[in-house]
Amino acid sequence: MALLEVENLSIDLGEFHLRDINLTVEKGDYLTVIGPTGAGKSILLEAIAGFYPLRSGRITLNSRDVTNLPPEKRGISIVYQDFVLFPHLSVFDNIAFGLRKVERDKEKVKGEVEHIAEELHISHLLHRKPGTLSGGEQQRVAIARALVVRPKVLLMDEPFSALDEKTREKLRKLVKSVIAEYNTTVIHVTHDFEDVFALATRVAVMKDGRLVQVGTPDEVFSRPKVDFVAGFVGTNVLKGEVIGKDGSLTLISVGGVVLKTADEAKGKAVLSLRPENVLLARDPGLCSAQNVIKVRVGRIERRGHVLWVHLDGKIKLKAVITPNAAEILGVKEGEELYAMFKASALKVIA
């Protein structure tokens with residue numbers, strides 16, 4: 001049975017609308033919500049929390065209709081990117097703030113606060129004020145405050161975006177372990193695909209106030225249902241026609257190039273290929289991949305700690321490589337290389 005169900009949810013904010021949102025979240029899910037700026041991700045989160053009246057629709061939690069309940073009655077906690085801590089209270093009192101409203105036993109409150117602080121490695125900070133902490137420390141305090149009340153659902157809105165890359169990586173690992181211990185169900189809005197790959201069991205993609213695809217990370221990133229999703233998540237989308245079989249593999253002609261896929265297909269086919277599954281080499285004999293294409297390096301983009309390489313040829317592709325790999329290969333704009341990928345990496349999506 002679903003823990004959280006959002007049925008036909010619509011919200012009218014004048015300049016922006018959420019339309020016909022249907023979403024089911026199972027207990028223990030870690031759902032990341034992605035989409036371009038202005039897609040309505042944060043508004044969806046706050047609607048679930050109870051901050052906006054619905055134009056239509058219903059929200060149920062544990063089979064209980066919470067559509068018209070105020071936020072504090074829903075059993076939902078929310079964490080924002082800017083921490084929202086009480087500056088005049090100690091870390092201990094910040095974490096204990098919500099818990100004290102539902103638990104009168106001071107020793108129990110103390111024990112719960114100390115336990116979550118230990119799990120998030122902030123026990124040594126309990127006497128401090130938020131203004132004396134780093135951004136990563138403040139966010140751990142905010143997460144501790146949200147989790148200590150043991151919410152049915154934890155909502156997080158870009159919780160790591162204000163942090164540096166190294167701190168984000170550490171906090172992801174901490175959050176993953178603590179979420180598992182508390183058996184918490186999470187809905188996490190993010191722009192960072194690293195959050196998806198490190199944490200998510202499911203992904204929802206939003207555009208213009210609507211959900212356009214929900215599935216596992218592999219389904220969304222490797223088998224996008226619509227062109228928008230494919231473009232947003234950076235998947236290569238290829239269109240071709242089935243021309244035969246090679247043993248268990250399907251042969252598909254794409255732009256005059258014959259490609260092999262492990263998927264079954266007939267007639268015209270739409271294929272997807274993740275950029276990180278495209279290998280680059282100067283010698284095509286160095287790899288056992290079934291698909292080998294001669295390409296010319298076009299534009300090279302730096303995105304975080306990786307390079308996105310745009311490849312031109314009979315088929316246009318994008319590949320993701322590390323700067324170190326690019327240096328070893330001597331990848332430069334205008335260079336001719338071979339793009340290679342396994343048949344199992346080429347997915348038939350339509």
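**Briefing: a covered helix, paired strands and a charged patch**

Lys41, Ile43, Leu44, Leu45, Glu46, Ala47, Ile48 and Ala49 are the buried residues of helix α1. That makes eight buried residues out of the nine in α1, which spans residues 41-49 and is mostly covered. Please keep in mind as you look around that this is a predicted model.

**Helix α1 and what follows**
- Just after α1 comes Gly50, whose phi is positive, at about 105 degrees.

**Strands β1, β4 and β5**
- Strand β4 (residues 56-61) pairs with strand β1 (residues 4-12) in the antiparallel sense, and five bridges join the two.
- Within that pairing, Leu4 has Leu61 of β4 as its bridge partner.
- Strand β5 (residues 64-65) also pairs with β4 in the antiparallel sense, here over two bridges.
- On this side, Leu61 is found opposite Arg64 of β5.
- The hairpin of β4 and β5 has two residues between its strands, and Asn62 takes a positive phi near 55 degrees there.

- Asp164, Glu165, Glu169 and Glu194 together form a negative surface patch.
- One of these residues, Glu165, lies in helix α5, which covers residues 165-182.
- Is Glu165 buried, partly exposed or exposed? With a relative accessible area of 40%, Glu165 is partly exposed, because that class lies between the cut-offs of under 20% for buried and over 50% for exposed.

How values were computed. Residues numbered from 1 in each chain as written. Predicted model: local features only at pLDDT ≥ 70, side-chain atom pairs only at ≥ 80, totals over all residues. Heavy atoms only, no water. Patch = residues over 30% accessible without salt bridge, like charges linked within 9 Å, V, L, I, M, F, W, Y side chains within 5 Å. Areas by Shrake-Rupley, 256 points an atom, 1.4 Å probe, with all protein chains shown as cover. Salt bridge = Lys/Arg side-chain N within 4 Å of Asp/Glu carboxyl O. Lys, Arg positive; Asp, Glu negative; His and termini not counted. Charge placed at Lys NZ, Arg CZ, Asp CG, Glu CD. Helix = DSSP H or I, 4+ residues; strand = E, 2+ residues; numbered from the N terminus. Buried < 20%, exposed > 50% of the residue type's maximum accessible area, 1.4 Å probe, protein only. Pairing = 2+ DSSP bridges.
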